[in-house]
Amino acid sequence: MVDTTSRYSGMIRLTHALVAVAIVFQLAISLIMDHPHTKRPMTADGGMYYEWHQWVGLVALGVLAWAWIYRLLTWKRESQGRIFPWVTVAGRDALARETKQFFLLRWKAIPVDGALAGTVHGLGILIASAMALTGGAIYLALGPQNAVTPTAHTIMDLHSFLSTFMWIYLCGHAVMALWHQFAGHGSFTRIFRI
């Protein structure tokens, strides 16, 4: 077993934990909240949950913005390029090799912290960022009266569309973390060591 805990700074692990908690909260509350609509008013409870969704979403946007700034400032020192391996020729080659191993079911040949794992984490950051940005745009487009304009409606549709990918990512990420834990990689020890 390779201990890669030292590869992730406390700041990266903290922002990962905060974003993970925010995503789980946001997806869970989205199942019970109401949202502004042109033809029907929000219920009292549904409106309250929507407000929570807004505020937690804005906090998540702030955390993600800080995480991006931190990642850019520490790009080389903390090897941030590993979460976007496809931006270099060597990274694309490694990603192609590992993806081939994945489809050939040679999972033990795939490095725990390789290009494929990095790509998965990078995609998660991109999806979460897109969700937070569209959520922030909805907040601005609706204004204080929660007026659903055509622009706000379009952004709300995009936000809803992206949420499907966030659900798929979250479920897949949880399943893979469990698989890695049972394969003896100590995933939970690495994930929850803040």
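Let me start with one side chain. Thr74 reaches the backbone oxygen of Tyr70 with its side chain, at 2.8 Å. That is a polar contact: a pair of N or O atoms within 3.5 Å, where within protein one must be able to donate a hydrogen and the other to accept it, and residues adjacent in sequence count only if both atoms are side-chain atoms. Thr74 sits in the loop between H2 and H3. Its relative accessibility is 2%, so Thr74 counts as buried. The cut-offs: buried is under 20% relative accessible area, exposed is over 50%, and partly exposed is in between, with a 1.4 Å probe and protein chains only.

Now the ground rules. This is a predicted model, where local features need pLDDT of at least 70, side-chain atom pairs count only at pLDDT 80 or more, and totals for chains, interfaces and linings use all residues. Residues are numbered from 1 along each chain as its sequence is written, and side-chain values use heavy atoms, with hydrogens and water left out.

Next, the overall layout. The chain has six helices and zero strands. Along the sequence the pattern reads α-α-α-α-α-α. Helices and strands here are DSSP runs, numbered from the N terminus: helices are H or I with at least four residues, strands are E with at least two. The chain has 194 residues, and 37% of them count as buried.

What about contacts along the chain? Take residues at least 6 apart in sequence: 62% of their contacts join residues at least 24 apart. Contact means heavy atoms within 4.5 Å.

On to the inside. Which residues make up the largest nonpolar core? There are twelve: Val19, Ile23, Leu27, Val63, Leu64, Ile127, Ala128, Met131, Ala132, Leu162, Met166 and Tyr169. Helices H1 (10–30), H2 (44–73), H4 (115–142) and H5 (150–182) each give two or more residues to this core. H4 provides the largest share, four residues. There is also a second, separate core of eight residues, including Met33, Ile138, Val148 and Ala152. By nonpolar core I mean a set of buried Ala, Val, Leu, Ile, Met, Phe, Trp, Tyr and Cys residues joined through side-chain atoms within 4.5 Å. As background, nonpolar side chains tend to be buried together in soluble globular proteins.

Leu162 touches Ile127, Ala130, Met131 and Thr134, leaving out residues up to four places away in sequence. Ser163 is in helix H5. At 17% relative accessible area, Ser163 is buried.

Now a charged residue. Glu98 is in helix H3, residues 89–103. Is Glu98 buried or exposed? Buried, with a relative accessible area of 9%. Yet Glu98 has no salt bridge, and the nearest side chain of opposite charge, Arg97, is 5.9 Å away. A salt bridge needs a side-chain nitrogen of Lys or Arg within 4 Å of a carboxyl oxygen of Asp or Glu. For charge, Lys and Arg count as positive and Asp and Glu as negative; His and the chain ends are not counted.

So what does Glu98 touch? Ile110, Pro111, Gly114, Ala115, Leu116 and Ala117, not counting residues up to four places away in sequence. A polar atom of the Glu98 side chain lies 3.0 Å from the backbone nitrogen of Ala115. Glu98 and Ala117 are 19 residues apart in sequence, and their C-alpha atoms are 9.3 Å apart.

Last, the loops. His37 is in the loop between H1 and H2. At 36% relative accessibility, His37 is partly exposed. A polar atom of its side chain is 3.0 Å from the backbone nitrogen of Lys39. His37 and Thr149 are 112 residues apart along the chain, with 9.7 Å between their C-alpha atoms.

Then the backbone angles. Most residues other than glycine have a negative phi. Leu105, in the loop between H3 and H4, has a positive phi, near 60°. Leu105 is exposed, at 61% relative accessible area. Asn146, in the loop between H4 and H5, also has a positive phi, about 55°. Asn146 is partly exposed, at 24%.
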